Amino acid sequence: MSEVHAVLIGVAQPAPVRWSEGDGRFVTATQPHQEHDFLFAALDGVGSDLTSYTMMIIDAAPDAVISRLETPEDTTLAAVTAELEKHVRREDPCTCSSLVIVLVGHGFQVQTWDPAEPDRMDELFALSDLPLIDDWWVPFWREARRDLTATIVVDSCHSETIVRGLFVPDPVIVRELVNDGPRRVIISASMDAQLAYEHSMAGQTQGVLTRGLELAWALPDNRASYETWFASASSIVNRTILQTAVMRIIDPEQTVQLVPPFTTGAPTA
């Protein structure tokens, strides 16, 4: 039986972090803070954003199994990666045929000398203890079971390749005819060099991408496919001038974007 599973990850107040030369990794930054520590402001709209995605997913797939990770205990690096891995592993696989991953919170960049990063920048998503680096996603996707399709939405700064682990120049729609894991659609709030913003109206705060996707979702015709949904939502997001929504289609056949969002359905005519 085809099932939709969703993992919604929202971090309103990530832990401050610093790079440790001795450990060769990020560690939690203790006080007194140092000049190069990464400190993150609280985000007011994370809870509203997760609720928006929950409603849209249930709209499309009423029987979807949704895991919502937003407490400090649930959004540690260990907890988040364990939850994601259980949906894609080949041994003892879960029952989903369609996986939705949503990341809402702070993204940030750091310089790297890794030759696999032509822009010499790593993108990271801030969690409640340690950040999730884009490089983590490369083996995650490569080793994932292939009978799965995936949808990833990232509403954060520097988010275009934050779940890809690869730098590509700046088109609004990126088409990759590669077979390096499950066929997937990634919708990002901003290009790698851009910040992403929140929008407040009528007492509610949301990420600009989330707000655009929700407004587009309100028109049933936009739900015919990821392409139509993204076309409508990106026209709203990109009006801000400050950020540019990006859709990345990773599929040798370039058909995964033609199905209705958040479903296991066939492409629309």
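Select Trp136 and Phe140 to begin: Trp136 is buried, and Phe140 is buried too, where buried means under 20% relative accessible area with a 1.4 Å probe and protein chains only. The model in your viewer is predicted, with local features needing pLDDT of at least 70 and side-chain atom pairs counting only at pLDDT 80 or more, while totals for chains, interfaces and linings use all residues. Residues are numbered from 1 along each chain as its sequence is written, and side-chain values use heavy atoms, with hydrogens and water left out.

Now turn to the aromatic rings, of which the structure holds 14 pairs; rings of Phe, Tyr and Trp (its six-membered ring) pair if their centres lie within 6.5 Å, and planes under 30 degrees apart count as stacked, over 60 as edge-to-face and the rest as tilted. The pair of Trp136 and Phe140 is stacked, because the ring centres are 4.7 Å apart and the planes stand at 25 degrees.

Next, select Trp217 and Trp229, an edge-to-face pair with 5.4 Å from centre to centre and 70 degrees between the planes. Trp217 belongs to helix α4 (residues 208–217) and Trp229 to helix α5 (residues 226–237), so this pair ties together parts that are twelve residues apart in sequence. Trp217 is buried, with a relative accessible area of 6%, and Trp229 is buried with 0%.

Then select Trp19, Phe26, Phe38, Phe40 and Phe108, which form one aromatic cluster.

Finally, show strand β2 (residues 17–20) and strand β3 (residues 25–28), which run antiparallel and are joined by four bridges; strands pair if DSSP finds at least two bridges between them. Helices (H or I, at least four residues) and strands (E, at least two) are DSSP runs, numbered from the N terminus.

Technical notes. Buried means under 20% relative accessible area, exposed over 50%, partly exposed in between (1.4 Å probe, protein chains only).
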